Amino acid sequence: MNEIFVQPYTTLESLTDLCWRLFECAGIDGDKNEYYEYYSSLPYLAYQNRLMLKKLPADTEKALKVLDEAVMIAKDTGSPKFISYCDDIDFPIASYLKSKGMEEFFCQAGMTYFTGNKVSGCKQDVIEIGHDRLEEWCYVCDEAFGKKDEISIYETLLADEKCKFFACESEGNIVSTGMYCIDDNNTNMGIHSIGTLADHRGNSYASAIVVRIIMEAEKLKIPMLTLQASPLGEPVYAQLGFKKLTMIHSFA
């Protein structure tokens, strides 16, 4: 039978690229099949705490079996906390997960940008982050997102030539963060960790970092950028030319 596919490489895939890069560097195996990918939880990393649902069988009975497996994994101790999926999948996933005692904790817009367009510069200066300021970068990123990750995992990413970290400063201190990770095919640049300290928002710091990342993609001839936008960030990205293709739902 025909199967239901999400749109390719516009939603969760830049996040899965980042997860697999981290886990390969750490020598840890995730688990994936044709329907979903998930990662054994690490106490020092927030990225991987989810099961990414990619598609479902067209047959309803088989689809429900896949969802039951996903719920079982998400509820196991030490397994991903969230089940994330895109509304490209033509199946009443939300109502089924709710029937299993889960609820939606957050929703993000899957957005994409194609290079070759003219992008306006921003008034804020953007710096590239090296090992000397990575700890400060991590602290600001954690504060902006209300999480706590260990610096060691970011040191792994910083050593990867396909990842770069950026920041904006105020009075010599980092107040806004961002990074990118390029996929192995050099076709997509995933944008991650765009965050600004609460008392510095509204000063175009996030926009400046995203513009800098777009310029990096243009220079490297990467044709597409993707990101997952919060309700707060979505209008910022839309103003820069990003288009919303889907909504990403995360249940726990």
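1. Glu-169 has Ile-174 of strand E10 as its bridge partner. Strand E9 (residues 163–170) and E10 run antiparallel and are joined by eight bridges; two strands count as paired if DSSP finds at least two bridges between them. Strands (E, at least two residues) and helices (H or I, at least four) are DSSP runs, numbered from the N terminus.

2. The model is predicted: local features need pLDDT of at least 70 and side-chain atom pairs count only at pLDDT 80 or more, while totals for chains, interfaces and linings use all residues. Residues are numbered from 1 along each chain as its sequence is written, and side-chain values use heavy atoms, with hydrogens and water left out.

3. The hairpin of E9 and E10 has two residues between the strands, and Glu-171 in the turn has a positive phi of about 55 degrees. E10 also pairs with strand E11 (residues 188–196), in the antiparallel sense, over six bridges. There, Thr-177 has Gly-195 of E11 as its bridge partner.

4. Nine of the ten residues of E10 (residues 173–182) are buried, so this strand is largely enclosed by the rest of the structure. Buried means under 20% relative accessible area, exposed over 50%, and partly exposed in between (1.4 Å probe, protein chains only).

5. In helix H2, the buried residues are Ala-63, Val-66, Leu-67, Ala-70, Val-71, Ile-73 and Ala-74. They cover an arc of only 160 degrees around the axis, which puts them on the same side of H2; the arc is that of the directions from the helix axis to the C-beta atoms. On the other side, Glu-61, Lys-62, Lys-65, Met-72 and Lys-75 are exposed.
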